[in-house]
Amino acid sequence: MSAILNVSGITKIYESGKKKVLGVEKVSFSVKEGEFVSIIGPSGCGKSTLLRCIAGFEKVNCGQVLLGGEKVTKPGPDRFMIFQGLDQLFPWLTVEENIIFAMKAVGKATKGVDPVEETRHYLELVGLLGHGGCYPYQLSGGMKQRASIARALSVKPQILLMDEPFGSLDAFSRRTMHHMVLKVWEKTGVTVIFVTHDIEEAIDLSDRILVFSPARLKADVANPLPRPRERNQPSYRSFLLKISGLLEGDFKTDSAFKGVSAPEATLAF
Ligand SMILES: Nc1ncnc2c1ncn2[C@@H]1O[C@H](COP(=O)(O)OP(=O)(O)OP(=O)(O)O)[C@@H](O)[C@H]1O
């Protein structure tokens with residue numbers, strides 16, 4: 001499979017007044033079409049910054065992001081971002097209307113197909129069939145994230161960017177969401193980049209794990225475990241130890257850029 005995303009030497013420096021803070025520095029990696037890649041690292045190490053640079057929400061200071069060979073300079077419907085917050089849907093529209101609105105806004109409703117029928121397909125995929133007529137306030141946190149994922153898929157993005165999407169859910173709901181998101185990934189073949197603080201979540205879901213230390217990509221590790229991943233297997237434990245070991249220590253990064261403060265990252269799992 002060829003690379004759909006190429007991130008080449010990107011640096012993002014935030015400037016507020018006289019202060020300059022490093023978001024990410026000289027980060028390079030690529031992602032193949034259909035891959036599921038997780039990004040893990042201490043709080044403040046630049047995971048969200050990286051995702052926002054790929055989404056086109058942030059302008060990079062150096063380097064470039066190429067998606068399908070095209071340079072990313074602004075947000076676009078080929079990248080859809082899902083956040084941790086549970087209020088990403090328009091509260092004045094039903095779930096079905098939210099999805100139809102998104103499809104129409106980016107011109108991705110399939111020609112000759114009734115948008116209501118198409119919406120049903122995505123709702124079924126995320127396990128929300130029968131809830132299309134609900135308003136967001138009538139849904140649980142997990143159901144809201146399912147609806148946000150259905151809406152994201154409906155615009156047929158090349159990459160789904162997920163920034164700790166299940167971070168505010170309880171452990172049981174998270175496990176249920178993991179099954180759902182893997183089913184969606186397998187059925188649609190969409191490329192996923194998934195930010196998490198949770199090592200087991202990264203191992204359960206992804207083909208590859210990018211381990212960050214402050215502002216830098218420290219390791220790019222292929223997940224050797226066959227799917228479905230069994231947490232009680234010795235091979236799972238040893239891979240978990242490997243990733244945990246990569247996350248330990250090394251919390252001071254001096255920027256190569258003069259006058260730029262390194263991020264203050266903390267280990268908080
Ligand atoms: N808009 C901004 N303006 C100034 N500094 C910022 C801004 N956004 C992020 N930063 C800084 O950039 C660094 C990286 O932040 P980022 O949010 O990308 O980290 P993170 O790894 O996603 O953290 P967390 O896991 O806690 O969400 C931090 O030092 C942060 O304070």
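The buried residues of helix α1 are Lys47, Thr49, Leu50, Leu51, Cys53, Ile54 and Ala55, where buried means under 20% relative accessible area, exposed over 50%, and partly exposed in between (1.4 Å probe, protein chains only). Welcome to a predicted model, in which local features need pLDDT of at least 70 and side-chain atom pairs count only at pLDDT 80 or more, while totals for chains, interfaces and linings use all residues. Residues are numbered from 1 along each chain as its sequence is written, and side-chain values use heavy atoms, with hydrogens and water left out. Helices (H or I, at least four residues) and strands (E, at least two) are DSSP runs, numbered from the N terminus.

- Seven of the nine residues of α1 are buried, so the helix is largely enclosed by the rest of the structure.
- After α1 comes glycine 56, which has a positive phi, near 90°.
- Four strands make an open sheet in the order β2-β1-β4-β5, with antiparallel pairing; two strands pair if DSSP finds at least two bridges between them.
- At the edges sit β2 (19-32) and β5 (70-71), each pairing on one side only.
- Helix α1 (residues 47-55) packs on this sheet and touches β1, β2 and β4 (62-67), its direction making about 115° with that of β1.
- For these values, contact means heavy atoms within 4.5 Å, and axes are lines fitted to C-alpha atoms, for helices over the stretch in contact, with angles running from 0 to 180 degrees between N-to-C directions.
- Strand β1 (residues 3-16) pairs with β2 in the antiparallel sense over 10 bridges, and asparagine 6 stands opposite serine 30 in β2.

**Backbone points to look for**

- Most residues other than glycine have a negative phi, and most peptide bonds are trans.
- Lysine 26 has a positive phi, near 50°, and is a residue other than glycine.
- You will find lysine 26 in strand β2, and its 53% relative accessibility counts as exposed.
- Glutamate 164 also has a positive phi, near 45°, and it lies in the loop between β7 (159-163) and α5 (171-188).
- With a relative accessible area of 15%, glutamate 164 is buried.
- A cis peptide bond joins arginine 227 to proline 228, with omega near -5°.
- Proline 228 belongs to the loop between β10 (216-222) and α7 (234-247).

**Salt bridges**

- The whole structure holds 15 salt bridges, each being a side-chain nitrogen of Lys or Arg within 4 Å of a carboxyl oxygen of Asp or Glu.
- In one of them, glutamate 25 meets arginine 216, with the closest N and O atoms 2.8 Å apart.
- This pair links distant parts of the chain, with glutamate 25 in strand β2 and arginine 216 in strand β10, 191 residues apart.
- Glutamate 25 is buried at 0% relative accessible area, whereas arginine 216 is partly exposed at 29%.
- Aspartate 204 and arginine 231 form another salt bridge (2.5 Å, N to O).
- Because aspartate 204 lies in helix α6 (residues 199-205) and arginine 231 in the loop between β10 and α7, the pair ties together parts that are 27 residues apart in sequence.
- Aspartate 204 counts as buried at 7% relative accessibility, and arginine 231 is partly exposed at 27% relative accessible area.
- Both residues belong to a network of salt bridges that links Arg175, Glu200, Asp204 and Arg231.
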